[in-house]
Amino acid sequence: MQKTIKALKLSKLNSGTSTGLKWLESKGEKLNSYSPVDGLLIASVYSTKAADYEKVVKQAQKAFAEWRMWTAPKRGEVVRQIGEQLRKYKEPLGKLVSYEMGKSLQEGYGEVQEMIDICDFAVGLSRQLYGLTMHSERPGHRMYEQYHPLGVVGIISAFNFPVAVWSWNTMLAWVCGDVCIWKPSEKTPLTALACQHIITEVFKKNNVPEGVSCVINGGREVGEMMTHDKRIPLISATGSTRMGKSIGAVVGERLGRSLLELGGNNAIIITENADLDMSLIGCVFGAVGTAGQRCTTTRRLIIHEKVYKKFTEKLVSAYTQLKIGNPLDQKNHVGPLIDTDAVKAYLHSIETAKLEGGKILVEGGVLKGKGYESGCYVKPCIIEAKNEMKIVQHETFAPILYIMKYKTLDEAIEMQNNVPQGLSSAIMTNNMRESEKFLSQAGSDCGIANVNIGTSGAEIGGAFGGEKETGGGRESGSDAWKVYMRRQTNTINYTDKLPLAQGIKFDL
């Protein structure tokens with residue numbers, strides 16, 4: 001791992017605060033990054049103090065005044081070069097993601113690939129920031145709307161995707177002409193600093209103004225500096241629903257914008273017409289991938305009573321084949337939870353499910369012994385449950401899968417929708433009527449609805465996000481770029497008369 005850190009130029013860290021081309025000698029509280037893989041200290045950085053935060057924001061504002069005047073295709077060219085740099089550093093950055101966060105090495109590489117993909121998307125977008133022309137009711141008038149850069153964008157990211165979600169926001173914001181201040185999770189600060197080092201090389205070569213990309217580090221109090229700051233018109237935050245409600249209230253009070261991507265409680269409906277072998281792959285990966293620490297993790301399986309016994313047997317058998325261990329070893333399917341607090345939450349949820357009447361089909365527990373010294377490795381657990389149980393309604397960020405029966409598709413859809421969250425959903429069926437109903441206005445109420453694929457593994461081309469307590473925000477593809485810009489409607493009169501709208505007469 002020391003070779004990886006050296007390759008990413010992280011060997012001489014003394015700060016966690018950067019305005020892009022410069023690192024500030026911030027001496028706030030020390031943040032220690034421990035790997036959940038082996039429990040060892042990787043490195044330490046310093047959190048951002050209030051005085052340093054003020055320097056960061058002022059530099060970002062100064063950079064915005066210049067950056068917004070660059071043409072969008074020129075900004076896109078910078079992002080294109082960042083994509084090339086990420087290709088160059090894909091292996092070491094992917095390894096660092098895996099080691100610092102605990103996800104499998106393949107998932108670490110996959111996360112960096114998402115960064116590369118969003119760079120490619122943003123480059124094309126830089127020539128497609130389209131407005132709209134409409135007809136005026138007044139003769140001799142032209143009316144249209146256009147989009148302008150918004151300003152300083154604050155990004156608060158979570159530990160489970162320590163670099164990809166930042167890139168979803170940042171690459172789009174940059175081609176839109178915004179500048180960004182990033183507060184990564186205090187549990188994964190090194191991956192953020194690695195990204196800052198990577199893009200700095202590109203920024204220097206292209207004379208990008210200092211302050212276009214800023215990093216601040218720390219806990220909740222550092223994030224609150226941004227959420228309360230009127231100079232930051234947009235806060236994009238990824239995390240728990242509890243955190244999102246707090247941020248939404250603070251930003252809303254100052255009439256700022258929030259882009260919230262919060263918790264999920266995602267279900268897959270297994271119909272009697274499903275291909276059970278194919279469904280099994282999507283269900284198992286969805287439930288145990290990233291050790292259940294994805295917002296799109298499959299938390300509930302709603303299985304038709306006719307195939308319930310058969311599919312449950314397949315599922316239990318598949319769980320016995322899972323290999324749990326060091327995620328850098330590609331033979332392993334499941335790595336550790338992020339820390340021992342996550343382990344406590346996992347154990348508490350299992351015990352709560354038992355008390356509420358849940359039946360354990362695959363026993364959970366904490367793994368101990370050689371290779372599990374960090375205390376963060378747990379066994380994926382399957383619990384037969386009822387959808388209305390309080391613990392089922394709650395999102396536990398761990399590999400716990402609740403399974404339940406249904407009789408009719410209407411019943412299954414109602415069960416799926418009857419949770420506070422609304423992020424991702426899926427149905428497994430070879431019946432067109434079932435799939436179309438699931439995707440209709442009477443079907444899934446989630447922001448993502450899939451047919452014959454699982455709930456996790458979204459592509460960057462589509463807008464990512466969900467409804468209800470998931471927050472309503474959309475990141476990544478489609479027209480998600482519009483949230484990073486301000487819309488302006490323009491009307492031009494090219495005659496020598498001044499007719500008023502709605503036929504109003506006002507003679508002098």
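Is Tyr484 buried or exposed? That was my opening question, and I kept in mind that this is a predicted model.

**Entry 1: Tyr484**

I looked up the accessibility: Tyr484 comes out at 0% relative accessibility, so I noted Tyr484 as buried. I then checked where Tyr484 sits, and found it in the loop between strand E20 (475-476) and strand E21 (485-493). Next I went through the contacts, leaving out residues up to four places away in sequence. Tyr484 touches Leu150, Val153, Trp168, Asn169, Leu172, Ala173, Cys176, Asp178, Leu234 and Leu259. I also looked up Pro149: Tyr484 and Pro149 are 335 residues apart in sequence, yet their C-alpha atoms are 7.1 Å apart in space.

**Entry 2: H5 against H6**

Trp168 and Leu172 turned up again when I moved on to helix packing: both are on the H6 side of the contact with H5. My reminder to myself: two packed helices are described by the angle between their axes and the distance between the axes. For helix H5 (residues 105-125) and helix H6 (residues 164-175), I got an angle of about 15° and axes 9 Å apart. That makes H5 roughly parallel to H6. The crossing of H5 past H6 is right-handed.

Which residues of H5 make the contact with H6? I listed Glu111, Glu114, Met115, Ile118, Cys119, Phe121, Ala122 and Leu125. On the H6 side I wrote down Ala164, Trp166, Ser167, Trp168, Met171, Leu172 and Val175. Sorted by class, this contact of H5 with H6 has 12 nonpolar residues, 1 polar and 2 charged.

**Entry 3: H3 against H6**

H6 has another partner in my notes, helix H3 (residues 72-88). The axes of H3 and H6 come within 8 Å and cross at roughly 150°. H3 and H6 are therefore roughly antiparallel to each other. From H3, I noted Ala72, Arg75, Gly76, Val79 and Ile82, which meet Met171, Trp174 and Val175 in H6. The class count for H3 with H6 is 6 nonpolar, 1 polar and 1 charged. Met171 and Val175 of H6 meet H3, and I had already written them down for the contact with H5.

**Entry 4: H14 and H15**

Leu409, Asp410, Ile413 and Gln416 of H14 make the contact with Glu434, Lys437 and Phe438 of H15. By class I have 3 nonpolar, 1 polar and 3 charged residues for H14 with H15.

What covers the buried residues of H14? First I noted the buried ones: Leu409, Ala412, Ile413, Met415, Gln416 and Asn417. The cover includes strand E10 (266-270), strand E11 (298-304), strand E14 (400-406), strand E16 (424-428), H15 and strand E19 (467-468).

**Entry 5: salt bridges**

How many salt bridges does the structure hold? I found 24, and I picked out a few.

- Asp410 and Lys437 meet through their side chains at 2.5 Å, N to O. Asp410 lies in helix H14 (residues 409-417) and Lys437 in helix H15 (residues 432-439), so the pair ties together parts that are 27 residues apart in sequence. Asp410 is partly exposed at 46% relative accessibility, and Lys437 is partly exposed at 32%.
- Lys354 and Glu363 form a salt bridge at 3.7 Å, N to O. I noted Lys354 as partly exposed at 35% and Glu363 as partly exposed at 47%.
- Asp496 pairs with Lys497, with the closest N and O atoms 3.7 Å apart. Asp496 is exposed at 72% relative accessible area, and Lys497 is exposed at 60%.
- Glu54, Asp229 and Arg231 are linked in a network of salt bridges.

**Entry 6: Ala192**

My last stop was Ala192, in helix H7 (residues 189-205). Ala192 has 0% relative accessibility, so I marked Ala192 as buried. Setting aside neighbours within four places in sequence, I found Ala192 in contact with Trp182 and Pro184. I also looked up Gln85: the C-alpha atoms of Ala192 and Gln85 are separated by 15 Å, and the two residues are 107 residues apart along the chain.

Technical notes. Residues are numbered from 1 along each chain as its sequence is written. This is a predicted model: local features need pLDDT of at least 70, side-chain atom pairs count only at pLDDT 80 or more; totals for chains, interfaces and linings use all residues. Side-chain values use heavy atoms; hydrogens and water are left out. Axes are lines fitted to C-alpha atoms, for helices over the stretch in contact, and angles run from 0 to 180 degrees between N-to-C directions. Helices (H or I, at least four residues) and strands (E, at least two) are DSSP runs, numbered from the N terminus. Angles under 35 degrees count as roughly parallel, over 145 as roughly antiparallel, 65 to 115 as roughly perpendicular and the rest as oblique. A crossing is left-handed if the near helix is turned anticlockwise from the far one by less than a right angle, and right-handed if clockwise. Contact means heavy atoms within 4.5 Å. Ala, Val, Leu, Ile, Met, Phe, Trp, Tyr, Cys and Pro count as nonpolar, Asp, Glu, Lys and Arg as charged, and the others, Gly among them, as polar. A salt bridge is a side-chain nitrogen of Lys or Arg within 4 Å of a carboxyl oxygen of Asp or Glu. Buried means under 20% relative accessible area, exposed over 50%, partly exposed in between (1.4 Å probe, protein chains only).
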